[in-house]
Amino acid sequence: MQPTFWHERWTLGQTAFHEGAPNRFLLRYLDRLGPPGALFVPLCGKSFDLDALAQHGHDVTGCELVSLAVEEYFRERNITPATHHTPTGPVYESGSLRIACGDVFAFESERAPFDAAFDRAALVALPPELRARYVAKLASLLRPGAPVLLVTMEHDLGSGPPFSVPEDAVRAACAEAFAIELLADEDVAQSNARFIERGATFVRERAYLLTRK
Ligand SMILES: C[S@@+](CC[C@H](N)C(=O)[O-])C[C@H]1O[C@@H](n2cnc3c(N)ncnc32)[C@H](O)[C@@H]1O
């Protein structure tokens, strides 16, 4: 996707991907992310996952392309973040949580290598041709042994985002850098009516625990 695609989504408020609460797989498998540590949330949007992770004791660093999303995150919580500028863009920070505003492929952090990461709607937001590059970037930011909770979607719409990422695609993209454990595989067609209305005949979500080799 071009950056303009995401800027437009946020400007027009077309953010159906935004869940109004922490992701259910995150709540279910929070403990699999290990003890409180430095945790990375790529393509974080303004998700409530950031809050849940910080409340659990993690030192949370998100990365988000669109500044409007970052501003909304803090505004909706009545927080005025401290801002500092880095070569790859501004970083907004409050307490044990910060969001770096910029392209994940250029993201760098003094906190890396991170102890853990959470990916919900990040891998699936990227077109297939960026998948290997994204996984390599994620792997480069993690210490050996670091767990990643990865939430993916599979459907037969033939377009995205969210792009359909079946289990074999996860294994193809991740097996070199990560050990892969499938934690959950659920039919979510009923709670994703917008996919069915657009012609999908199935929608599944899966949660994986990746462990950095
Ligand atoms: C599908 S949304 C998911 C957001 C969040 N993870 C959630 O669960 O609500 C994908 C997000 O990634 C952001 N994004 C897209 N490409 C990006 C990139 N190259 N670097 C950083 N963020 C990006 C978009 O602006 C959007 O907010």
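This is a predicted model: local features need pLDDT of at least 70, side-chain atom pairs count only at pLDDT 80 or more; totals for chains, interfaces and linings use all residues.

Student: Ok, is Val-151 buried or exposed, and why?

Tutor: Val-151 has 23 C-beta neighbours inside 10 Å, so it counts as buried. The cut-offs are 20 or more other C-beta atoms within 10 Å for buried, 12 or fewer for exposed, and partly exposed in between, with C-beta atoms placed from the backbone.

Student: Where does Val-151 lie?

Tutor: In strand β7. Strands (E, at least two residues) are DSSP runs, numbered from the N terminus; helices are runs of H or I, at least four residues.

Student: Which residues does Val-151 touch?

Tutor: Not counting residues up to four places away in sequence, Val-151 touches Asn-23, Phe-25, Asp-119, Arg-120, Glu-205 and Ala-207. Contact takes C-beta atoms, placed from the backbone, within 7 Å.

Student: New topic. Which strands does β2 pair with?

Tutor: β2 pairs with β1 (residues 38-42) in the parallel sense over five bridges, and five bridges also join β2 to the parallel β5 (residues 97-101). Pairing needs at least two DSSP bridges between the strands.

Student: What stands opposite Glu-64?

Tutor: Cys-101 in β5.

Student: And why is β2 called largely enclosed?

Tutor: Because five of the six residues of β2 (residues 59-64) are buried.

Note on methods:
Residues are numbered from 1 along each chain as its sequence is written. Two residues are in contact if their C-beta atoms, placed from the backbone, lie within 7 Å.
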